[in-house]
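Please keep the sequence and the coordinates in view while reading.

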Amino acid sequence: MQRLSRAQRRSDPLQLSYPNDPKFGEQWHLLNTGASGGTPGIDINVTDIWDDYTETGVVIGIIDDGVQHDHPDISANYDTTLDHDARDGDGDAAPGTSGDNHGTTVAGTIAGVEGNGIGGTGVAYDATIAGFRMGYGADGNTAQIVENLALQTNVDISNNSWGYGGFFSDDFSTPEFQPAAEAMLSAVTEGRDGLGTVFVFAAGNGRESGQDANYHSFQNTPHTISVAALDHDGQVAAFSTPGAPLLISAPGVEIVTTDRTGAVGYSSDDYVSISGTSFAAPITSGVVALMPEANPELGYRD
């Protein structure tokens, strides 16, 4: 059978086999047909390779405020044995408070289950995910971050949809943050049997307040892929923090993904449309997860 070109596949939807998940059509970042009002073709161009690569076997760690691992669109791809909660000091990285909603949205963006007839689809829908919980704001501290970063040697990719505000507050040359730098160096040295854990970080949402990725060591270290956000027309999002360390941009506006079920979460539904570089990062992590299936020898710098 002859493989159709991208243009041929898009021009004749009958030639395509898409997931039967009902919200897939709303996920413009996966396949932008213009239905969202954006520019057709402005997407991550991933559907054409799903026939060959969906990434079974890659493990993605999600350092965040917890993941609802029993969500019906997440549970099949979640490995609870890798969980760690640095905030509560136990092995269950599930959300612990009503405000712990962020990690679940990130998780579904990466590895929402494909073909189960509910919700949407993750970028790397056969990948394995695990949560590494920490607190934000007054509920978090540097020790929690270091504790979770040190465990990223156990995963292939580490998604970090978080960062610091202010200016030069997270400086790896200071005694407070030097342990974080050392933990990341250990992971890129020892992770993936020496090929290095891949760290993906959100650039931040501070463009309008004068932020720059250069001001933050987590984003400007050479051990990190820092990701900016685009809208469905391919334009930089108004909130997306700029800066020389940014390696790539990815969709980050009105991303449809999983939400915590029931009354908690961002919406009354089990799914949400949400924006931020927090979602450009997991989209990138999903794409990175597809790469080792094509070339398992890629190092973290590759």
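In what follows, Ala, Val, Leu, Ile, Met, Phe, Trp, Tyr, Cys and Pro count as nonpolar, Asp, Glu, Lys and Arg as charged, and the others, Gly among them, as polar. The model is predicted, so local features need pLDDT of at least 70 and side-chain atom pairs count only at pLDDT 80 or more, whereas totals for chains, interfaces and linings use all residues. Residues are numbered from 1 along each chain as its sequence is written, and side-chain values use heavy atoms, with hydrogens and water left out.

On a 1 Å grid over the protein atoms alone, a cavity is a set of points where a 1.4 Å probe fits but cannot get out; a pocket is an open set with protein on both sides within 12 Å along at least five of seven lines; lining residues have an atom within 4 Å of a point. Grid points are joined across faces, edges and corners, and a volume is the space filled by probe spheres set on the points. The largest cavity has a volume of about 50 Å³, and its lining includes Gln 27, Asp 73, Gly 108 and Tyr 271. By class, this lining has two nonpolar, eight polar and one charged residues. Strand β8 (residues 255-258) gives the most to it, with three residues; helices (H or I, at least four residues) and strands (E, at least two) are DSSP runs, numbered from the N terminus.

The largest pocket holds about 470 Å³ of space. It is lined by 24 residues, of which Ile 225, Leu 247, Tyr 300, Arg 301 and Asp 302 are the closest to its centre. Helix α6 gives the most to this lining, with five residues, and the lining comprises 14 nonpolar, six polar and four charged residues. The second largest pocket holds about 300 Å³. Its lining has five nonpolar, 13 polar and no charged residues.

Helix α6 (residues 277-294) also packs against helix α2 (residues 102-111): their axes come within 8 Å and cross at roughly 35°. Axes are lines fitted to C-alpha atoms, for helices over the stretch in contact, and angles run from 0 to 180 degrees between N-to-C directions. In this contact (heavy atoms within 4.5 Å), residues of α2 including Val 106 and Ile 110 meet residues of α6 including Phe 279 and Ile 283. The contact residues divide into five nonpolar, six polar and no charged.

Overall, the protein has six helices and nine strands. Its radius of gyration, taken over C-alpha atoms, is 18 Å, close to the 19 Å that the globule rule gives for 302 residues, so the protein is as compact as a globular protein of that length. That rule is 2.2 Å times the number of residues to the power 0.38.
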